[in-house]
Amino acid sequence: MNETIPLLKTLISYNTSSLSGVNEAMDFCKKWMEDRGLDVQKHENNGHSMLVCEVGSGTHTLVFNGHLDVVKGKEEQFAPYEKDAKLYGRGSADMKAGLAAMMSAMMRLKETSPGCKVQLQIVPDEETGGRNGTGYLVDTGHKGDFVICGEPTGLGIAIQSKGVLQLDITVTGSSTHGSRPWEGENAIEKAFALYQRIKQLPFSQERSELYAQPSINLAKIQAGTVYNKVPSKCEFSLDIRYLPDQLPEDILQQINSLSDDEVSVHICNDPVNTEVDNPYVKALSESITRHTQLEKVNIFGQHGSSDGQYFTVYGIPAVEFGPVGYNWHGDNELVYTSSIPEYENILVDFAGSFSTVQLPVVNND
């Protein structure tokens, strides 16, 4: 466990906001684990490197899934430092702290021989959708019975995450001289009016047990060329995070019903919807309370997306569970250092009890 914080600092020092940086850090992770007696397989897909390491044996498989990539940061954010029991740096929370603890946990589990298989997946592209990393691994057979994605959750368990529907919408108007705008039709004004109507559609008003509403972010807009001309075309982009029980095709149908403007799908990612009474979730909660001072574990729904989506497509329950961190994707990203050994101990404890979890009997009659 004494190696985990130094390992985390080294991981942060790699600028993994680019593919080349991720691949370089991936090679470091491979050597670090192999130097400690772990068997590591390297996979490649469309130029992306990823690692799979497995320890233990048995009929049940627990998957630890961690990503190395980060969003872009300032140069100084890749020089980690500690202050007031916090470790600062790009990726410290999202999610190199979780990954470092997972790597150290695998080293410990190799020595304790848990009564199950534990598979660590280190992936390269969660921040850009995960298709080339986790998506590829799962589609090529790297599955399990339960999945922990080490995203920052404050030692709570995120059993759900919203789906992602990103749209590009092109609105057309008619151009005229800027001094006589009433003779044309301003595409920017039309686009903004359409955006306001989209925010009032039925799907945007729905709620669930864990979420107050979906979210609609007006992410990009491009229109106009000069001051003295009414713009005839406006392109804008939406980032919609929809609820786990909603269907993206229904959302798209509602949006298309508003106008004849061109709507194209940029990305459509599935949600995660693990049941709150899943036996593995209950067992993980028990491991958390054993190794922290928490009397009750926070079970919640995550607003962002995660690579857990690729497992749930195959009916494999997945959760997000990670250390205590804040400001991920921000200037002062940090992780509380005391939560990292707690997190690592929880992973080891949970893996040790994984094969004893009582699953409900499925009646196929």
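Okay, ground rules. We're looking at a predicted model, where local features need pLDDT of at least 70 and side-chain atom pairs count only at pLDDT 80 or more, while totals for chains, interfaces and linings use all residues. Residues are numbered from 1 along each chain as its sequence is written, and side-chain values use heavy atoms, with hydrogens and water left out.

So, the whole chain. We have 10 helices and 17 strands, taken as DSSP runs (helices H or I, at least four residues; strands E, at least two) and numbered from the N terminus. The radius of gyration is 23 Å, close to the 21 Å from the globule rule for 365 residues, so the chain is as compact as a globular protein of that length. That radius is over C-alpha atoms, and the rule is 2.2 Å times the number of residues to the power 0.38. Along its principal axes, the C-alpha trace spans about 80 × 60 × 40 Å. Buried residues make up 51% of the chain, buried being under 20% relative accessible area with a 1.4 Å probe, protein chains only.

Now α8, residues 279-291. Its 13 residues should span 18 Å at 1.5 Å a residue, and the end C-alpha atoms are 19 Å apart, which agrees; the expected span is 1.5 Å times one less than the number of residues. At its start, a side-chain oxygen of Asn 278 comes within 2.8 Å of the backbone nitrogen of Tyr 280.

Which residues of α8 are buried? Tyr 280, Val 281, Ala 283, Leu 284, Ser 285, Ser 287 and Ile 288. Their cover includes β7, β8, β14, β15 and α10.

Notes. Buried means under 20% relative accessible area, exposed over 50%, partly exposed in between (1.4 Å probe, protein chains only). Contact means heavy atoms within 4.5 Å. A polar contact is a pair of N or O atoms within 3.5 Å; within protein, one must be able to donate a hydrogen and the other to accept it, and residues adjacent in sequence count only if both atoms are side-chain atoms.
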